[in-house]
Amino acid sequence: QHIGGMFLQCALNEKRPAFTSIVTAENVKPSLLLIDEVAAGLTEVEIPRFLDIIKHIRTLGITYIMIEHVIKVMLAAVDRVVVIDGGAKIAEGDPG
């Protein structure tokens, strides 16, 4: 299933450059994708779309590192959480 084009068009229409960059991963297929604070700029309507994109990226086997302060997004999007404070790891584990 190719969902990137649909979400890319949506991202372009909504002028969300970070959204657009993540969606292009479907075509580029990087070995590692850094997702930095994307959810902070999203509306409540856009967050489920963003999570759908992340789920699709996972099905492609693309590894990603997510830096995020929107905890509900982080917990829904990752397999492992590492919490860093002041440059030091203070917690690590399963998000469930």
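1. Glu92 counts as partly exposed because its relative accessibility is 41%, where buried means under 20% relative accessible area, exposed over 50% and partly exposed in between, for a 1.4 Å probe and protein chains only. Glu92 forms a salt bridge with Arg80, the closest N and O atoms being 3.0 Å apart; a salt bridge here is a side-chain nitrogen of Lys or Arg within 4 Å of a carboxyl oxygen of Asp or Glu. Glu92 lies in strand S4 and Arg80 in the loop between H5 and S3, so the pair ties together parts that are 12 residues apart in sequence. Helices (H or I, at least four residues) and strands (E, at least two) are DSSP runs, numbered from the N terminus.

2. The side chain of Glu92 also meets that of Lys89 in a salt bridge, at 2.6 Å from N to O. Lys89 counts as exposed, with a relative accessibility of 54%. Through salt bridges that share partners, Arg80, Lys89 and Glu92 are joined into one network.

3. The model is predicted, so to speak of its basis: local features need pLDDT of at least 70, side-chain atom pairs count only at pLDDT 80 or more, and totals for chains, interfaces and linings use all residues. Residues are numbered from 1 along each chain as its sequence is written, and side-chain values use heavy atoms, with hydrogens and water left out.

4. As to confidence, the mean pLDDT of the chain is 78, and 75% of its residues reach 70 or more; pLDDT is the predictor's confidence in each residue, from 0 to 100. Confidence is lowest in helix H1 (residues 4–13), at a mean of 45, and highest in strand S4 (residues 88–93), at 95. Over residues 1–13 the pLDDT is below 50, and this stretch has 22 contacts in the model beyond near neighbours in sequence, a contact meaning heavy atoms within 4.5 Å.

5. On the overall layout, the chain has 5 helices and 4 strands, which follow the pattern α-α-α-β-α-β-α-β-β when read along the sequence. Of the 96 residues in the chain, 36% are buried. Among contacts with a separation of 6 or more, 53% are accounted for by residues 24 or more positions apart.

6. The structure holds 4 salt bridges, and one of them joins the side chains of Arg58 and Asp79 at 2.4 Å, N to O. Arg58 lies in helix H4 and Asp79 in the loop between H5 and strand S3 (81–85), so this pair ties together parts that are 21 residues apart in sequence. Arg58 is partly exposed, with a relative accessible area of 32%, whereas Asp79 is exposed at 56%. Not counting residues up to four places away in sequence, Arg58 touches Tyr64, Ala77, Val78 and Asp79; the C-alpha atoms of Arg58 and Ala77, which are 19 residues apart along the chain, are separated by 9.4 Å.

7. Which residues have the most contacts inside the largest nonpolar core? They are Ile35, Phe50, Tyr64 and Met66, in a core of 20 residues; such a core is a set of buried Ala, Val, Leu, Ile, Met, Phe, Trp, Tyr and Cys residues joined through side-chain atoms within 4.5 Å. The elements that give two or more residues to this core are S1, H4, S2 and helix H5 (71–77), and H4 gives the most, with 6 residues. Leaving aside its neighbours within four places in sequence, Met66 is in contact with Ile35, Phe50, Ile54, Met74, Ala77 and Val78.

8. Leu32, in strand S1, counts as partly exposed at 48% relative accessibility.

9. A backbone detail deserves a comment. Glu37 has a positive phi of about 55° although it is not a glycine. Most residues other than glycine have a negative phi. Glu37 is found in the loop between strand S1 (32–36) and helix H4 (46–59), and counts as partly exposed at 25% relative accessibility.
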